Amino acid sequence: KQAKARRAEAALLNNLGNLRIREEKWQEATSLYEQSVALCRNHGDVSGEGLFLMSLGYAYHLQGDLPKALGLYQQSEALLEAIGDRAPLAKVKGNLANLYIETGALERGEEKLLEAEGIAHEKGDPFSQAYTTLLRGDLWRKKGDAEQALAAYQEGKRLFSLLGSTEEEAI
């Protein structure tokens, strides 16, 4: 019972961090994400720790601290893989692909994108399928293929519209 309460508290802190992200209050978001990670870490909730490390990485990614974001995404990926928690892995690997593609490490980006796409399809996760479709567009754009990029962006937007979401909510 206490474990569920701690996980709920960590999730609440993470959700508050998400709100601060939307308000572009980076330091507040980062602090809330750090608290959610610490709460999970201190109570042995490896799944929660891995999940909330992804959020913390995203906060640093948005702030332009790409080395810090990369390290946090990699920690998240390693923890979730170690315990076999595949559900959030598509998003973590998608975030890694996004960072690699953004920085021009296209081979690494494509590798992570393929992993994310595979998990998204395996899990039947329409949100991650839409997200990885947009990332595929980013990869095509970086490779200089505007036609393929546009097709992927249009498909990603269509998939998100089916979910009632926007691509801005993806990461």
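In what order do the elements of the protein run from the N terminus on? They go α-α-α-α-α-α-α-α. This is a predicted model, where local features need pLDDT of at least 70, side-chain atom pairs count only at pLDDT 80 or more, and totals for chains, interfaces and linings use all residues. Residues are numbered from 1 along each chain as its sequence is written, and side-chain values use heavy atoms, with hydrogens and water left out.

**View 1. The whole protein: eight helices and zero strands.** Helices here are DSSP runs of H or I with at least four residues, strands are runs of E with at least two, and both are numbered from the N terminus. The C-alpha atoms fill a box of roughly 50 × 30 × 30 Å along the principal axes. Of the 171 residues, 43% count as buried (under 20% relative accessible area, 1.4 Å probe, protein chains only).

**View 2. The largest nonpolar core has 29 residues.** Such a core is a set of buried Ala, Val, Leu, Ile, Met, Phe, Trp, Tyr and Cys residues joined through side-chain atoms within 4.5 Å. Ile21, Tyr33 and Tyr73 touch the most other members. At least two core residues come from each of α1 (2–22), α2 (26–42), α3 (46–62), α4 (66–82), α5 (89–102) and α6 (106–123). The largest share, seven residues, is supplied by α3.

**View 3. Around Tyr33.** Setting aside neighbours within four places in sequence, Tyr33 is in contact (heavy atoms within 4.5 Å) with Asn14, Gly17, Asn18, Ile21, Ser55, Leu56 and Ala59.

**View 4. A second, separate core of 10 residues.** Among its members are Leu113, Ala130, Leu134 and Leu139.

Note on methods
Buried < 20%, exposed > 50% of the residue type's maximum accessible area, 1.4 Å probe, protein only.
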